[in-house]
Amino acid sequence: MSASTFPLTAASPIVLGVSACVFRAGKVLLVERDRPPFKGLWTLPGGRVEFGERMEAAIAREVREETGFDLPSYPFFCLHEAISDGVHAVIAVHRGVREIPVGTEPVSGGDARSCKFVEISDLAAMDGAAQLTSGLIAIVESAHRAHLLGL
């Protein structure tokens with residue numbers, strides 16, 4: 001798909017965002033977005049990096065605001081681009097440094113309508129029902145492999 005497909009202009013800034021893969025016993029933490037872009041879709045917790053904010057601080061803030069979890073660190077994992085109607089975001093994807101213990105549940109807040117742990121094996125069905133943001137499955141599967149290997 002070419003850039004001309006989307007109504008981007010020189011005045012449309014590229015957004016720097018962050019997101020985090022947080023795991024628990026074969027599940028990944030997802031949030032349902034309550035605001036555009038991607039309103040109503042399930043995705044990783046995360047959001048925009050504020051001017052002057054370090055990415056490390058931004059990912060900790062976003063995960064805390066959207067899920068209530070406060071992990072000690074989030075190592076960088078990969079970059080992902082999200083291009084949609086009027087939005088071009090470059091997202092620095094991170095991984096939670098440790099798993100969330102079973103029985104500890106997220107509490108939605110910020111711009112997350114809801115949040116939950118989802119079986120990684122259930123992501124394909126959610127994607128088939130157009131409930132996930134683009135590219136989410138590949139990122140989660142790759143991050144989960146690295147997580148299991150301790151990388």
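This is a predicted model: local features need pLDDT of at least 70, side-chain atom pairs count only at pLDDT 80 or more; totals for chains, interfaces and linings use all residues.
User: Is Thr67 buried or exposed?

Analyst: Away from its sequence neighbours up to four places off, Thr67 touches Leu29, Val31, Pro45, Pro106, Val107 and Cys115. Its relative accessibility is 1%, and because buried means under 20%, Thr67 counts as buried.

User: Which strands stand at the edges of the open sheet of four strands?

Analyst: The sheet is open, its pairing is mixed, and its four strands follow the order 5-1-7-6. Each of the two edge strands has a single partner strand, so one side of each is left without a neighbour in the sheet. These are strand 5 (46-48) and strand 6 (76-84).

User: Which residue is the bridge partner of Ala82 in strand 7?

Analyst: Strand 6 and strand 7 (residues 87-95) run antiparallel and are joined by eight bridges. In strand 7, the partner of Ala82 is Ala89.

User: At about what angle does helix 1 run to strand 1?

Analyst: Helix 1 lies across strand 1 (15-21), strand 5 and strand 7. Helix 3 (residues 136-149) also packs on the sheet, touching strand 1, strand 6 and strand 7, and its direction makes about 175° with that of strand 6. For helix 1 and strand 1, the angle is about 60°.

Terms used. Residues are numbered from 1 along each chain as its sequence is written. Side-chain values use heavy atoms; hydrogens and water are left out. Buried means under 20% relative accessible area, exposed over 50%, partly exposed in between (1.4 Å probe, protein chains only). Contact means heavy atoms within 4.5 Å. Two strands pair if DSSP finds at least two bridges between them. Axes are lines fitted to C-alpha atoms, for helices over the stretch in contact, and angles run from 0 to 180 degrees between N-to-C directions.
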